[in-house]
Amino acid sequence: IRVVWLTPQMDRLFLEGAAGRRRFLDRLILGFDPDHAGPIAAYDHSLRSRAKLLREGVRDAAWLARIEESMAAHGIAIAVRRRDAIERLMPFCGAPYGPFPGAEITLNGGIETWLADGPALAAEERMKSRLRESRENDTQQGSACIGPQRSDFTVRHMGNGAEAARCSTGEQKALLIGLVLAAARLQAHERGHMPLLLLDEIAAHLDRERLAALFDLLSELGAQAWMTGTDARLFAAWGPRAQMFDVHHGCVIH
């Protein structure tokens with residue numbers, strides 16, 4: 001089952017640290033490119049292995065070189081997949097979708113710059129060289145100086161040109177919903193069916209007009225969507241199109 005979801009914790013995606021944005025992007029990518037999980041797992045394993053060796057004072061050059069070779073291969077593969085995914089996503093998120101603004105996504109990071117300047121193999125060699133040269137510094141810092149774990153992405157509101165971090169709370173929520181709907185539409189385009197949508201507290205920061213428009217869009221998409229909220233009146237615009245449930249003390253009441 002392909003699942004795309006939104007939770008209240010994600011409402012601050014554009015304001016908080018880059019780690020949350022990377023996880024969000026990678027989860028979207030996994031919806032239409034499940035093989036993306038492979039390089040991520042392999043890279044994380046090599047990243048931890050190298051950090052452990054450096055922390056313990058192991059200076060076996062051949063051993064470290066093999067780990068750094070793995071980091072470079074998988075790290076560049078992650079960056080390439082992210083870039084490819086954004087290129088595939090842009091036709092679906094670059095233009096407004098109902099009341100949800102179009103968004104421009106830009107990847108930022110050292111390895112992204114290398115990929116923009118040349119082929120992936122050259123970026124791999126540069127990353128290996130950089131890791132080799134930074135072993136002492138990385139020992140002191142406790143982390144690798146370069147890699148996909150240092151990357152970030154920015155989102156720009158195509159309507160007013162502002163970065164998402166500078167938009168109002170309502171605009172940020174609208175951008176976030178637009179990205180999720182774009183990912184769902186891309187999945188439907190490439191895989192032939194819509195994913196399951198889980199939208200927790202979806203009414204937060206949305207006015208009633210935008211919320212009603214979202215219900216109409218979900219109905220048109222034909223996706224199975226589960227939405228939660230603490231006020232049943234917020235879902236009145238669904239009318240007979242939706243099935244309602246009440247939850248009391250952990251029990252679901254029809």
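Colleague: Which residues line the second largest pocket, and what makes a residue part of a lining?

Modeller: In this predicted model, Ala 19, Arg 22, Arg 23, Asp 26, Ile 40, Tyr 43, Asp 44, Leu 47, Ile 78, Arg 82, Pro 148 and Gln 149 line the second largest pocket, because each has an atom within 4 Å of a pocket point (on a 1 Å grid, in an open set where a 1.4 Å probe fits, with protein on both sides within 12 Å along at least five of seven lines). Local features need pLDDT of at least 70 and side-chain atom pairs 80 or more, whereas totals for linings use all residues. Residues are numbered from 1 along each chain, and side-chain values use heavy atoms, without hydrogens or water.

Colleague: Which elements supply at least two residues each to that lining?

Modeller: They are α1 (18–32), α2 (37–55) and α3 (61–93), and the lining divides into six nonpolar, one polar and five charged residues.

Colleague: What lines the largest pocket?

Modeller: Its lining has 24 residues, with Trp 226, Met 227, Gln 243, Met 244 and Phe 245 nearest the centre; β5 gives the largest share, three residues.

Colleague: Why is the reach of α8 called close to the expected one?

Modeller: α8 has 14 residues and reaches 20 Å from first to last C-alpha, close to the 20 Å expected, since the expected span is 1.5 Å times one less than the number of residues.

Colleague: Which residues of α8 are called buried, and what is the cut-off?

Modeller: Leu 211, Ala 213, Leu 214, Phe 215, Leu 217, Leu 218 and Leu 221 are the buried ones, so each falls under 20% relative accessible area (1.4 Å probe, protein chains only). Their cover includes α7 (169–191), β4 and β5.

Key:
Helices (H or I, at least four residues) and strands (E, at least two) are DSSP runs, numbered from the N terminus. Ala, Val, Leu, Ile, Met, Phe, Trp, Tyr, Cys and Pro count as nonpolar, Asp, Glu, Lys and Arg as charged, and the others, Gly among them, as polar. Buried means under 20% relative accessible area, exposed over 50%, partly exposed in between (1.4 Å probe, protein chains only). Contact means heavy atoms within 4.5 Å.
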